[in-house]
Amino acid sequence: MSHDQIGTATRRDFLGTATAATALTLGASQGAGAQTASINSQEVQVAQLATGQSAQLTAPASLDWTKPTAMAIPKEGYFKLEQGRYGPIFPRTPANYGFTVIAKVKPGRESAIREYGKTIEEAVKANPNVLAPLRLHYLRWVMFDVGSGLHFMYQGIFDTDFDKYVEDAIALFNSTGITTVFVNLEGWPEDWRTNTLAVIKFFRDHQRPSFLEYGEYPYVTADEVRKSLSVKTALSTMLDQMQ
Amino acid sequence: MKRRDFNRLALGICLSPILTNAKLIGGTDALAQETRRDGMLELDDLQHIVITRVPALTGRYEFLSFRQADQGRAWLSGILDQVASVQRARESIEREQSWVSVAFTWQGLRALGVDQQALGTFPEEFRQGMVARAEMLGDTGRNHPDRWVGGLASPNLHAVAILFARNGAERERATRKHQTFLARTPGVEVLSSLDLDGFPPFDYAHEHFGYRDRLSEPQIEGSGLEPTPGSGASVKAGEFILGQVDESGELVPLPKPEVLSRNGTFMAYRRLQEHVGAFRDFLRQHGGPTPEGQELIAAKLMGRWRSGAPLVLAPEKDDPALGADYQRNNNFSYSKMDPQGYAVPLGAHIRRMNPRDTAASIQRRRMIRRGATYGPPLPEGAPEDGVDRGIAAFVLCGSLVRQFEFAQNVWINDPNFHELGNERDPLIGNQDGTFDLTIPKRPIRKKITGLPAFTTLKGGAYFFLPGINALRYLAGQS
């Protein structure tokens with residue numbers, strides 16, 4: 001089977017998540033060895049800073065963590081419409097998955113939100129794995145007022161497509177009390193306890209897609225970072241033992 | 001039902017030759033585990049298929065279209081008395097010869113005359129139907145609805161009548177009876193039908209690749225059935241039955257009117273053709289010349305030996321006694337017992353379909369499967385004959401989008417599940433020759449590239465399986 005047959009590769013193809021399929025004769029492992037993912041990403045603009053090239057129309061042949069990579073993203077937040085369970089899927093970028101949810105704070109609720117930062121700090125201290133299901137790298141919670149009232153921004157960088165695990169995230173928001181921050185935001189559904197769909201809609205409606213994302217070590221997951229550091233520690237220990 | 005009655009029932013089943021010597025299409029293995037607990041389930045209203053596995057060796061699905069609402073309602077009125085509740089099926093299971101269940105697509109509810117406002121209160125994914133959700137479900141390429149058979153992709157698919165019978169003769173009898181009903185309602189058209197047949201050996205449930213089947217099943221709290229050891233806690237009824245509290249502890253609002261939705265369940269139908277020749281070629285190619293090596297590859301694809309013995313508990317060598325022992329064959333987990341996947345590869349079928357203690361909110365993703373094999377078995381050693389054979393099953397859940405669609409979209413077809421990067425479910429994922437299977441192994445893992453497709457989706461649909469009272473409502477009797 002030739003990958004040339006895949007005529008309409010989406011941007012996800014080069015991420016190893018090909019969704020376009022071609023007919024394949026049964027019974028033979030013809031695809032064996034066909035490892036290189038399809039590359040046909042006219043819609044993708046990827047700047048390979050390491051090579052000094054400006055934005056080019058071809059994607060990297062592999063997810064090379066050694067090459068710092070930037071990706072410009074269309075206004076819609078995706079390159080090609082691909083439906084998830086709850087709406088369009090937002091792409092994995094050199095800075096992995098993530099979201100930036102911005103919503104207006106209800107009047108008089110600033111301190112309630114601000115104080116909740118301490119609660120999360122304590123919760124993670126008590127159980128360092130409490131947020132593990134979110135597969136996070138980093139969280140940033142910001143409040144700001146640039147003249148149109150106080151807004152809250154929840155920016156997260158994580159390793160899973162939000163659409164895929166959204167119910168798990170909402171269950172975690174509820175169980176850790178993170179939801180108590182959201183109830184201070186305008187537009188949060190009153191029936192959030194029983195109406196998961198409305199909660200999902202809130203997040204999707206308030207998501208502001210990036211138009212540029214950059215990774216100094218692109219596409220690396222938190223798990224891979226942890227594994228690498230573990231290997232380094234293990235090697236150091238081994239070398240110590242050899243002294 | 002009193003506790004004494006349950007004991008008698010369980011005993012009767014254990015002694016029944018059909019149950020000890022026959023493959024059970026509807027299955028009753030779990031019934032032997034029954035112990036009565038007080039529950040709030042309305043067992044006299046739930047269609048039996050939600051909870052009861054019946055001792056059937058054969059079956060037939062008839063897919064129907066209603067050209068006129070009144071004819072559809074007349075058909076439903078005629079068949080309604082044969083649709084047994086859980087309670088009735090339990091009380092009569094020893095003497096019954098066949099069992100009927102009835103379910104409707106959203107278009108089918110409309111065709112029966114359910115009003116637009118009520119139709120609009122059903123969940124969006126059910127309203128859209130499986131065809132519209134194909135891309136997200138991974139039903140593309142060779143699995144695309146354009147290639148489905150039996151009129152299943154058509155908006156004219158309105159209902160399914162599910163028949164399970166003790167044997168071929170009983171199926172014939174029940175089928176003729178159904179044809180008699182249909183003859184009275186010419187406005188009800190049979191789009192297609194599919195015969196289900198077990199095949200030897202009859203002493204345990206298995207599918208065409210040879211894997212023991214029906215090993216793992218969630219049990220509903222209050223159903224009187226207990227999960228086998230290691231299967232996790234009983235699941236709150238709302239995960240499967242509308243109108244019951246679910247695992248969030250909440251009572252999710254029902255579609256309207258309540259008389260229609262209460263005690264209903266959603267079902268995703270999947271007809272999967274199994275390419276047995278391709279599967280056996282693969283085992284020979286990657287398992288080496290010995291039967292042991294080939295069995296090991298088969299086990300790595302599934303996460304269990306074909307005997308049913310779980311790799312976590314029998315990593316090196318098959319243990320058929322373990323596979324057949326329901327007190328032991330689910331008694332394992334992954335996070336402590338096999339974190340790296342040295343026994344069960346992270347991408348193996350059972351590790352995807354039930355990640356056990358390595359997934360968040362696992363109780364909110366459980367599903368009940370009812371179904372059977374179709375088509376003749378391919379004899380061992382015979383070349384692929386091109387005959388259509390496989391599994392045709394219904395996946396029951398309270399929320400298609402949260403349970404079934406999540407499993408399809410994430411567990412089965414997300415190439416990055418468990419950060420594997422380029423893998424899909426090796427048995428039921430949408431395979432096009434570009435995905436891999438990584439088998440962790442010391443000192444270095446084994447990676448099989450370019451996995452072929454062992455299954456092809458030949459059809460599917462979303463159904464709503466109403467309670468008995470709701471069937472009467474739909475038939476215009478209340």
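Predicted model: local features only at pLDDT ≥ 70, side-chain atom pairs only at ≥ 80, totals over all residues.
Which residue in strand 5 of chain A is the bridge partner of A:Ile102? The partner is A:Met153.

## The three-stranded sheet of chain A

Three strands of chain A form an open sheet in the order 3-5-4, with antiparallel pairing. Strand 3 (97-104) and strand 4 (136-144) stand at the edges with a single partner strand each, so one side of each has no neighbour in the sheet. From one strand to the next, the twist averages 10°. Strands of a sheet pair through backbone hydrogen bonds, either parallel or antiparallel.

Strand 3 of chain A is joined to strand 5 (residues 151-158) of chain A by eight bridges, and the two run antiparallel. Strand 4 of chain A is likewise antiparallel to strand 5 of chain A, through eight bridges. Here A:Leu139 stands opposite A:Gly156. The hairpin of strand 4 and strand 5 of chain A has six residues between the strands, and in this hairpin A:Gly147 takes a positive phi near 110°.

A:Tyr138 is another residue of strand 4 of chain A. It has 11 C-beta neighbours inside 10 Å and therefore counts as exposed. In sequence A:Tyr138 is 71 residues from A:Lys67, and the C-alpha atoms of the two are 21 Å apart in space.

## Strand 7 of chain B

Is strand 7 (residues 390-397) of chain B buried or exposed? Eight of its eight residues are buried, so the strand is largely enclosed by the rest of the structure. In a regular strand the side chains alternate between the two faces of the sheet. In strand 7 of chain B, B:Gly390, B:Ala392, B:Phe394 and B:Leu396 point one way, while B:Ile391, B:Ala393, B:Val395 and B:Cys397 point the other way, and all are buried.

Strand 5 (residues 265-274) of chain B pairs with strand 7 of chain B in the antiparallel sense over eight bridges. Within this pairing, B:Arg271 has B:Ala392 as its bridge partner. Strand 6 (residues 368-374) of chain B also runs antiparallel to strand 7 of chain B, joined to it by seven bridges. B:Gly371 stands opposite B:Ala393 in strand 7 of chain B.

## Nonpolar cores

The largest nonpolar core has 124 residues, and those that touch the most other members are B:Ala103, B:Val160, B:Met267, B:Val395, B:Leu396 and B:Phe463. Helix 15 (residues 400-412) of chain B gives the most to this core, with eight residues. Another core, of 16 residues, lies apart from it and includes A:Tyr86, A:Phe99, A:Leu134 and A:Ile170.

Beyond its neighbours within four places in sequence, B:Met267 is in contact with B:Ala103, B:Phe394, B:Val395, B:Leu396, B:Phe463 and B:Leu465.

## Helix packing in chain B

Two packed helices are described by the angle between their axes and the distance between the axes. For helix 11 (residues 276-287) and helix 12 (residues 291-302) of chain B, the axes come within 8 Å and cross at roughly 115°. These two helices of chain B are therefore roughly perpendicular to each other, and their crossing is right-handed. At this crossing, B:Leu283, B:Arg284, B:His286 and B:Gly287 of helix 11 meet B:Gly293, B:Gln294, B:Leu296, B:Ile297 and B:Ala298 of helix 12.

Helix 3 (residues 69-80) and helix 9 (residues 168-184) of chain B have axes that come within 9 Å and cross at roughly 150°. Helix 3 and helix 9 of chain B are therefore roughly antiparallel to each other, with a right-handed crossing. B:Trp75, B:Gly78 and B:Ile79 in helix 3 meet B:Phe181, B:Leu182 and B:Arg184 in helix 9.

## Backbone exceptions

Most residues other than glycine have a negative phi, and most peptide bonds are trans. Phi of A:Arg135 is positive, near 55°. A:Arg135 lies in the loop between helix 1 (110-126) and strand 4 of chain A, and it counts as buried because it has 21 C-beta neighbours inside 10 Å. Phi of A:Tyr219 is also positive, near 65°. A:Tyr219 is in the loop between strand 6 (212-215) and helix 5 (222-241) of chain A, and with 21 C-beta neighbours inside 10 Å A:Tyr219 counts as buried.

In chain B, the peptide bond from B:Pro200 to B:Pro201 is cis, with omega near -5°. B:Pro201 is found in the loop between strand 4 (188-197) and helix 10 (258-261) of chain B. The bond from B:Arg442 to B:Pro443 is also cis, with omega near 0°, and B:Pro443 lies in the loop between strand 8 (437-439) and strand 9 (446-448) of chain B.

How values were computed: Residues numbered from 1 in each chain as written. Chains lettered and ligands numbered in written order. Pairing = 2+ DSSP bridges. Helix = DSSP H or I, 4+ residues; strand = E, 2+ residues; numbered from the N terminus. Axes fitted to C-alpha atoms, helices over the stretch in contact; angles between N-to-C directions. Core = buried A, V, L, I, M, F, W, Y, C linked by C-beta atoms within 7 Å. Buried ≥ 20, exposed ≤ 12 C-beta atoms within 10 Å, placed from the backbone. Contact = placed C-beta atoms within 7 Å. Parallel < 35°, antiparallel > 145°, perpendicular 65-115°, else oblique. Left-handed = near helix turned anticlockwise from the far one by under 90°.
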